[in-house]
Amino acid sequence: MTPHDATEARAVPVHSSALRHPHEGRTVSATDAPMTTTQIALAAGDGIGPEIMNATLSLFRAAGVMDHVEFVPVEMGRSVFDKGDTRGMTDAAIRTVESCGLLFKGPMETPKGGGGKSINVTARKIWNAFANLRTFRTLPGVTTPFSKAGIPIDLVIVRENIEDTYGGVEHRLSNDMMQCKRLISAPGSEQVIRFAMKTARASGIKHVHCGHKANIMKMTDGTFLDRFRHVALDFPEIECSDVIVDALCMNLVMKPQSYRMVVLTNLQGDIVSDLCAGLVGGLGFAPSANIGTHISIFEAVHGTAPDIAGKGIANPAALVLSGVMMLRHIGLQRQAALIKNALLKALEDGVRTGDFGDRTKQPLGTVDFASAIAQRLGEKPHTVPAVAEPQIGHDTVTHKVHPKPARPEVIRSHTHVTKHVVGFDVYLDTLQPSAAVAEELRALSADSPFRLTVISNRGTQVWPTGSAFTECVDYWRARFELASDASPDAVDQSHVLALLGRIAGRYAVGSYELLRTFDGVRGYSLAQGQ
Ligand code: NAI
């Protein structure tokens, strides 16, 4: 399928600042004859999105980007949610993005209530844009405590983009207990870590850190760290270290110059990358690339800024910088460098929007800010290193569209593993005290191959021993392990289900988890105090 199959794809390529949404029945005007090479799906976004997108595209045009790419408008965001489509994107938009393999997007509003999920998260997940890449560099004219102290910041954060609590797998388990499942897979971790290491290699970064909390979450963060160490073996020229995420946050605030690249799981990476945005001047300058094997998405980190939407005062720099990342990604190194240098020069000259910079200088609106950058195309900054500009002729698009997979692929890290069922955890919604629960469960399991070994509450052991100081809530975990006379070879999941059936006759069972060994290694954590 090509983009021309989609309604939106038939829109005239974008070659002027008069970007309009095709759904509004207006056209996108073209001023130059296109020399089409690659197509990029374009969603202007909500709130300030159209303002900053138009400004960015005007700069692209001035830098000659439109000679190499064709932007294909797609319908995504609030207008689609408003029509009751909880995906926030039309079928045609999906087809266009999938055939282009690239999406350049403005910020989009997340509907409040009504079941609509964040389109930004949905897009990254369904298209498997598994790596979120964000760069943080000291910018001239953007004053921060570090710029004042003369400490340069040059940092890259790579965040896993799909797994973790962002699966949004949440349940109410009892009156008082809520759960969000944190899913971390070995191949998902490996994929993003390998991307980080390859990026480090290509960028000449010599030291990569893995941020984690494996001291507490030994199975999930432990797997991420294990995969980091495994992948690191393939990159012997890169120094690889790990750092616990809380210490990382403190270090980043105290000595950010000690880090060049950090790779993290999704939620921790989300928090750490916003911390880093603060180090270099805030969200107005935070670009991001969501990279996948087939589809990559480029967007600013900030949201739709409803408080200033329509006023023409938004700062387009983060979207411009995201566009620069996209141009690099597709091989337009010269245009990317031209725009980046012009932006740096403009900032150096004190050009500013109202959200940053020297308050004694008059701020420009979005359009004038972009024009001021365009006027400096071909100039270079003096107070910070300029980006090397490749010669004319070295500016061809290298991006290739990969064929659409026939079906969802199963990615794997560990194969040929021998697994044994050695017990199970069952979660009960009850107000009964632990001793009473234990008595009943022991009676129910008396003739089974399992014996009750632990009851815990919020992860802390309360039976057979516990502390009177441990406060409990209305949701208990009972752990059954193989009885001493039971052989692992004679026990399987059916024995677990038989006993669970009996327990369910007496208690509200919220969920259960098998306890298994994998090649003889315990595949579950112990309760605190066990
Ligand atoms: P926000 O980033 O839109 O705004 C936070 C503050 O920063 C506001 O005071 C705003 O005026 C300011 N700001 C943000 N971008 C700016 C810019 N380019 N120039 C000048 N000032 C700027 O965050 P908020 O208010 O939490 O979210 C608003 C909406 O945006 C929500 O619906 C949220 O779900 C959505 N959102 C979308 C994102 C995306 O599309 N990737 C990311 C974050 C939020």
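Guide: A pocket here is an open set of grid points where a 1.4 Å probe fits, with protein on both sides within 12 Å along at least five of seven lines. Its volume is the space filled by probe spheres set on the points. The model is predicted.

By that definition, the second largest pocket has a volume of about 1,200 Å³. Its lining counts 43 residues, and the closest to its centre are Thr135, Arg137, Val156, Ser203 and Arg328. Six elements are listed as giving two or more residues each. The strands are β4 (131-137), β5 (154-160) and β11 (287-291). The helices are α6 (186-203), α10 (317-330) and α11 (333-348).

By residue class, the lining holds 28 nonpolar, nine polar and six charged residues.

The structure has one cavity of 30 Å³ or more. The largest cavity contains about 40 Å³ of space. Thr138, Leu139, Val142, Thr144, Phe146, Ser147, Ile151, Ile153, Leu279 and Val280 line it. Seven of these lining residues are nonpolar and three are polar, with no charged residue.

Next, the ligand. It is surrounded by 19 residues, and Met108, Gly303, Ala305, Asp307 and Asn315 are the closest. That shell divides into eight nonpolar, six polar and five charged residues. An N or O atom in the side chain of Thr110 is 2.9 Å from an oxygen atom of the ligand. Asp307 places a polar side-chain atom 2.8 Å from a ligand oxygen atom. Asn315 uses its backbone: an N or O atom there lies 2.8 Å from a ligand nitrogen atom. The protein buries 68% of the 810 Å² that the ligand exposes when taken alone.

Two backbone details remain. Most residues other than glycine have a negative phi, and most peptide bonds are trans. Arg458 is not glycine, yet its phi is positive, near 50°. Arg458 sits in the loop between β14 (450-457) and β15. The peptide bond from Trp463 to Pro464 is cis, with omega near 10°. Pro464 belongs to the loop between β15 (460-463) and β16 (475-482).

Key. Residues numbered from 1 in each chain as written. Predicted model: local features only at pLDDT ≥ 70, side-chain atom pairs only at ≥ 80, totals over all residues. Heavy atoms only, no water. 1 Å grid on protein atoms, 1.4 Å probe; cavity = no way out; pocket = protein on both sides within 12 Å on 5 of 7 lines; lining within 4 Å. Helix = DSSP H or I, 4+ residues; strand = E, 2+ residues; numbered from the N terminus. Nonpolar A, V, L, I, M, F, W, Y, C, P; charged D, E, K, R; others polar. Near = heavy atom within 4 Å. Polar contact = N/O pair within 3.5 Å; in protein donor to acceptor, adjacent residues only side chain to side chain. Areas by Shrake-Rupley, 256 points an atom, 1.4 Å probe, with all protein chains shown as cover.
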